[in-house]
Amino acid sequence: MTALILSIISLGLLLTAYNSVMIAAPFRTAGRVGSVKTGNPKFHVAVTAESTAYCKWQLRIMYYWYLKHKDLGGSDMGKFTRILHSGAPDNLMDEIPTVVVYPLPQGMDLNYVVLNRPWAFIQWLEIATIDEEYILMAEPDHILVRPLPNLASGESPVGYPFFYIDPSKHERIMRKFYPAEKGPLTDLDPVGNSPVIIKKDLLKKIAPTWLNVSVLIKYDHEADKALGWVQEMYGYAIASALHGVRHTLREDFMIQPPWDLEMGNKFILHYTYRLDYTKGELTFGINGDWGFDKRTYLHAAPPRNLPLPPPGIPESVVTLMKMINEATADLPGWDSMK
């Protein structure tokens, strides 16, 4: 109880810091689109999560493939932490390395659970012993396709450019949180916090501002409505810009079916979108003769041996289903997990 009270007090103090960040002179780090040299330092893999069946089965698959690739040639992956923002341990504590932190005070997230992500990182960075110099911020629905090197370069974090993060389309809203005197909107990289590989000390500086901006966006009716489910991603992009941080953008960092068709040399497979096909053609959310949607399994894990796509389906989708099936076949107690 004492720890919870301290957490809430800390949150209140953090939310007063926004104005000081707004007026502080930012420092600048280099980095933009292009390739960078592979970094040698190990990075810590960190994933925030709820204690729900939906998060658990995705995380079990993710952790399975992390273990498969962690020690292979070309990997700079260090340790792994699930940052569980439920405030209480659950039944995966012995399977996946976990640090339990507190959620935001009741009602503060306004039913937007993603607001707990920056708050979880703030708490974890404060209480955890993290040996690695860098951190990969990842999500439960990320599958590591092959060994992942440290793509970051010095003080410049590396991120994935999302086509739907476009500050120029929301200029008036962006200026509420990134005033014109701070610089052009092109300072805001088209990234979310994940996937990002970033120096630990740099993330410690950004995280409180990331929380503050995300909360302010959620509590601004116009911004909340316009930015929708990606508002916390904009919160991270704005917070980074307020600290003068630019990301090197790597399209090979991640692949997102069904939009990305071929695996190529990608490192992470992100399966957030619904997949529907009829006779090999994508039907964009209309039930076809084959499909997969992770949201079908909100309350229980998907069964083992899911049907593979028929001929003609893109390589990225076929790879996804094969990797899910391999993990679920090997993971113990899959059919009875809760």
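This is a predicted model: local features need pLDDT of at least 70, side-chain atom pairs count only at pLDDT 80 or more; totals for chains, interfaces and linings use all residues.

Residues are numbered from 1 along each chain as its sequence is written, and side-chain values use heavy atoms, with hydrogens and water left out.

The whole structure holds 20 salt bridges (a side-chain nitrogen of Lys or Arg within 4 Å of a carboxyl oxygen of Asp or Glu).

| Pair | Distance |
|---|---|
| K79 and D131 | 2.9 Å |
| R117 and E232 | 3.2 Å |
| R246 and D189 | 3.0 Å |

R246 sits in the loop between α8 and β8 (248-249), and D189 in the loop between α5 (171-177) and β7 (196-199), 57 residues apart. Helices (H or I, at least four residues) and strands (E, at least two) are DSSP runs, numbered from the N terminus. R117 in helix α4 and E232 in helix α8 (residues 231-242) tie together parts 115 residues apart in sequence.

Burial goes by relative accessible area: buried is under 20%, exposed over 50%, partly exposed in between (1.4 Å probe, protein chains only). R117 is buried at 14%, and E232 is buried at 2%. K79 is partly exposed at 46%, while D131 is exposed at 55%.

R172, K176, D220 and E222 form a salt-bridge network.

In helix α3 (residues 53-69), 15 of the 17 residues are buried.
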